[in-house]
Amino acid sequence: IMPEMKAKYVWKTNKHTIEHRNDYFNVDTTCKKCFLYPTKNEERKITKLIRKKQIPEKFILIEPNSKKHKMDKQYPIDKWQKIVDEISKKITVVQMSIPSPENPILNNVIDISNDIENFRQACCMLNYCTIFLSYEGALMHACSIFNKKSVIIYFPIFDPILTRYDNTEVIWIRSDDHFNCFKMKDCKKCKELIKNHDENIVINKLNQVLEE
């Protein structure tokens, strides 16, 4: 049951997915957040990792490699490197990715990819970062657990209103004539917009959030 969908490739974009589901199941709450309660062992694991890697109190946590998707859900890695090169002049950048040959470790980062063993640990790591930078996805939702500020890149596939939280700063890659296509399979227009997106928009948004 997905109350936020009118039909295949047609979604209701007037409010958050959680609100759609609350309405459908007659749940009397306007709370838009996720819940997870780290165990003491999980907390110890992360605090020990932070000490081991000498990660400072303030840092940006990034996840530049999303899981493989039917649609290209990936911001170009060369743009990621330009973002990191610029923002690391001001604040430490920590990379947390799914380790694989296809997921390169960027320069000018502290890499913890091989130290995080599961999704719960990744969520726990979010509690210690200053800003989380990535795509719309599971860890973006997990930021709401700890009310952590996130800068999230949304692709043209659907409207941010469906999943954004109060702590989410949105960068929606879209054009006036292409957005909310809801195409789960390859979309040439989406790929073109992502490829041609100006990474300085991401850099400027990060700088803006850091100054708040």
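Student: Which residues make the nonpolar surface patch of about 460 Å²?

Tutor: Ile-1, Tyr-24, Phe-25 and Val-27 make it. A patch is built from residues that have over 30% relative accessible area and no salt bridge; nonpolar side chains (Val, Leu, Ile, Met, Phe, Trp, Tyr) are joined within 5 Å, and like charges within 9 Å. The areas come from the Shrake-Rupley method with a 1.4 Å probe, and for residues only the protein chains shown count as cover. One of the four patch residues, Tyr-24, is found in helix H1 (residues 17–24).

Student: What should I know about the model before going on?

Tutor: This is a predicted model, in which local features need pLDDT of at least 70 and side-chain atom pairs count only at pLDDT 80 or more, while totals for chains, interfaces and linings use all residues. Residues are numbered from 1 along each chain as its sequence is written, and side-chain values use heavy atoms, with hydrogens and water left out.

Student: How many helices and strands are there in the protein chain?

Tutor: Helices (H or I, at least four residues) and strands (E, at least two) are DSSP runs, numbered from the N terminus. The protein chain has 7 helices and 8 strands. Its radius of gyration is 17 Å, close to the 17 Å that the globule rule gives for 212 residues, so the chain is as compact as a globular protein of that length. That radius is taken over C-alpha atoms, and the rule is 2.2 Å times the number of residues to the power 0.38. The C-alpha trace spans about 50 × 40 × 35 Å along its principal axes.

Student: What share of the residues of the protein chain count as buried?

Tutor: Buried means under 20% relative accessible area, exposed means over 50%, and partly exposed lies in between (1.4 Å probe, protein chains only). Of the 212 residues, 48% count as buried. The chain exposes about 11,700 Å², with carbon and sulfur atoms supplying 49% of it.

Student: Why is helix H5 described as largely enclosed?

Tutor: In helix H5 (residues 138–146), 8 of the 9 residues are buried, so the helix is largely enclosed by the rest of the structure. Among the buried ones are Met-140, His-141 and Cys-143. The buried residues pack against helix H4 (119–126) and strands E6 (131–135), E7 (150–154) and E8 (168–172); contact here means heavy atoms within 4.5 Å.

Student: Which residue follows H5, and what is its phi?

Tutor: Most residues other than glycine have a negative phi. Asn-147 follows H5, and its phi is positive, near 55°. This residue is in the loop between H5 and E7 and, at 58% relative accessibility, counts as exposed. Phe-182 also has a positive phi, of about 55°, although it is not a glycine. Phe-182 sits in the loop between E8 and helix H6 (188–195), and at 6% relative accessibility it counts as buried.

Student: How many disulfides does the count come to?

Tutor: A disulfide is a covalent bond between the sulfur atoms of two cysteines. The rule asks for a pair of cysteine sulfur atoms within 2.5 Å, and the count comes to 0. Cys-34 is in no disulfide, the nearest cysteine sulfur being that of Cys-123, 8.8 Å away. The sulfur of Cys-123 is 8.6 Å from the closest cysteine sulfur, in Cys-124, too far for a bond. At 1% relative accessibility Cys-123 counts as buried, while Cys-34, at 23%, counts as partly exposed.

Student: How many salt bridges does the count come to?

Tutor: Side chains of opposite charge can pair when their charged atoms come close. A salt bridge needs a side-chain nitrogen of Lys or Arg within 4 Å of a carboxyl oxygen of Asp or Glu, and the count comes to 11. One of them joins Arg-120 and Glu-42, with the closest N and O atoms 2.6 Å apart. This pair links distant parts of the chain, Arg-120 in helix H4 and Glu-42 in helix H2 (residues 40–52), 78 residues apart. Arg-120 is partly exposed, with a relative accessible area of 31%, whereas Glu-42, at 13%, counts as buried.

Student: Which residues are linked in a network of salt bridges?

Tutor: Lys-52, Lys-53 and Asp-115 are.
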